[in-house]
Amino acid sequence: MRRPFVSVEGIARRFPATRGAPPQTVFEDVWFGIQEGEFVCLIGHSGCGKTTILNILAGLDRDYEGAVVVGGREIDGPSLDRAVIFQSHALLPWLTAEANIAFAIRSRHPGWGRARVAEACRSWIDLVGLTGAASKRPAQLSGGMKQRVGIARALAVEPKILLMDEPFSALDALTRGTLQEEVNRIVAETKLTAFMITHDVDEAILLADRILLMTNGPQAKIAEVVVNTLPRPRTRHDVHHLPGYYDLRNHIIDFLVDRSRRLARTMPPEWNPRRVPEVRPALAA
């Protein structure tokens, strides 16, 4: 079988004993793949190591067991080919929105002149709907606008993989929904490979091609891969009208409410971490 574009192979993250606390294994024996151009979401309760997995994929956490292979090569640190959008915007506060994006462009294209960088900045600013806000600093922007700058900055390095750590969780519902659809549109247009951590079941159903379900930590594992068979394009206004939507949603919620805790204690004897079962609950409709 051909290796996926992103191949996570038996990774584990363990923390040594500290004064008053025993050693802890946050997760172990985690295997999954992401095909090129695929949008994958990871869902699990707090403490199962979701953000740590994303940091490993980004090359920010290198103290782990196992391997992560991207495009046939094992990663050994951060790369411009893997861009991250954080939960907080993480913008440079002394720079304008345009200058924050320009910083990313110069990282990818250090030989570009000022005029070419400015032209590229304008195209990314227009893409994320920030026309007119280019000269504002982060303190002058709303939370949603800051995240738009963060999205534009991540895309401006022209990555092959977009990694997102609950990028909309701190926003109000209306702004969150708008940005979900913006990301959905941009990822589809640019054919990016995307990996997102989320606690929002509806967000995962809207965006993902596949949804990875993790058991509770410690010693968390990926217990199931849910294939999202709902047709694209999807919008937040009509996704809940699609046949199979409630079967899919109820299946994921049932996992989070009941099975994630039960499977954390005892996995079935036939469970194989290298071949995590795939389910297609939406087809039951």
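Is Tyr-246 buried, partly exposed or exposed, and why?

Tutor: Tyr-246 counts as partly exposed, because its relative accessibility is 48%. Here buried means under 20% relative accessible area, exposed means over 50%, and partly exposed lies in between, with a 1.4 Å probe and protein chains only. Before going further, note that this is a predicted model, in which local features need pLDDT of at least 70 and side-chain atom pairs count only at pLDDT 80 or more, while totals for chains, interfaces and linings use all residues. Residues are numbered from 1 along each chain as its sequence is written, and side-chain values use heavy atoms, with hydrogens and water left out.

Now to the rings. A pair of aromatic rings is described by the distance of the centres and the angle of the planes. Rings of Phe, Tyr and Trp (its six-membered ring) pair if their centres lie within 6.5 Å; planes under 30 degrees apart count as stacked, over 60 as edge-to-face and the rest as tilted. Two aromatic pairs are present in the structure. One joins Phe-32 and Phe-195: the ring centres are 5.7 Å apart and the planes stand at 10 degrees, so this pair is stacked. Phe-32 belongs to strand β2 (residues 24–34) and Phe-195 to strand β8 (residues 193–197), so the pair links distant parts of the chain, 163 residues apart. Strands (E, at least two residues) and helices (H or I, at least four) are DSSP runs, numbered from the N terminus. Both Phe-32 and Phe-195 are buried.

The other pair brings us back to your question. The rings of Tyr-245 and Tyr-246 have centres 4.7 Å apart and planes at 80 degrees, so they are edge-to-face. Tyr-245 has 6% relative accessibility and therefore counts as buried, whereas Tyr-246, at 48%, is partly exposed.

As for the setting, the protein chain has seven helices and 11 strands. Of its 285 residues, 51% count as buried. Contact means heavy atoms within 4.5 Å. Among the contacts in the protein chain with a separation of 6 or more, 71% come from residues 24 or more positions apart. The C-alpha trace spans about 60 × 50 × 40 Å along its principal axes.
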